[in-house]
Structure formats: C-alpha cells, structure tokens
Amino acid sequence: MVVVNTPSIEGQSIRTLGMVTGNTVQSKNAFKDIGASFRNLVGGEVGSYTKMLAEARDVAVSRMIDQAARMGADAIVNVRFSSASIMDGAAEILAWGTAVKFV
C-alpha cells in the first residue's frame, strides 16, 4: 500500500474511493509519568512519551491502511495526522487520508 501526504502520486492516474481513518489512544504507566515530571523540571526530551507517540502513530497508520485495503485501495493520498490529550498521560493519535485505486 502506497501512503503519501501529497494529493496525487506522480505517474499514476487515480480514482477516489473515500476517506479512511485510523486512531488509537495510548498512555504510559504511573512510574513513567513520575519520570516525565522530573524531566519537566530540568528540560529536554521526554523519551518515554516520544516512543509512546511513535508507536501510537504506527498503530493509527496500520488501522488506516487496513480500512483502505478492505475498500480495495491501492494507495492512500493526502495523509494527515492529529493528536489530542485525552487525559493526563494519555493521548489520541488520528491518521486520515483518501483511499484511491490506480486506473
């Protein structure tokens, strides 16, 4: 499955199938939250949250691809991401795009 953030794929004629989405809500355990709180005091990257969000993005993209595959898509164009804090220590990642078929 080709996944791009551009509105088209160079050299391909495409037919739009529809919008596809994938999302997940991820959280870290309390011990990781305590470590992140200390990091806030001194500054710098909070590695456990960076890793959590990267994993969440992968899950959201995988779910979006699964939905597109069920529609018979060859690719997803115009892929975008959004994130939102759901509660302390938990974040939602949403991926969406347009499923297309090569013609």
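**What I'm looking at.** This is a predicted model, so I kept in mind that local features need pLDDT of at least 70, side-chain atom pairs count only at pLDDT 80 or more, and totals for chains, interfaces and linings use all residues. Residues are numbered from 1 along each chain as its sequence is written, and side-chain values use heavy atoms, with hydrogens and water left out.

**Burial.** Of the 103 residues in the chain, 27% are buried (under 20% relative accessible area, 1.4 Å probe, protein chains only).

**Elements.** I found two helices and four strands, in the order β-β-α-α-β-β from the N terminus. These are DSSP runs: helices are H or I with at least four residues, strands are E with at least two.

**Contacts.** I checked contacts (heavy atoms within 4.5 Å) between residues at least 6 apart in sequence, and 75% of them join residues at least 24 apart.

**Strand pairing.** Two strands pair if DSSP finds at least two bridges between them. β1 (residues 2-3) and β3 (residues 75-87) run parallel, joined by two bridges; Val-3 has Ile-76 of β3 as its bridge partner. β3 also runs antiparallel to β4 (residues 90-102), with 10 bridges between them. Over in β4, I noted Trp-96 as the bridge partner of Arg-80.

**The turn.** The β3 and β4 hairpin has two residues between its strands, and Gly-89 takes a positive phi near 80 degrees there.

Note on methods:
Buried < 20%, exposed > 50% of the residue type's maximum accessible area, 1.4 Å probe, protein only.
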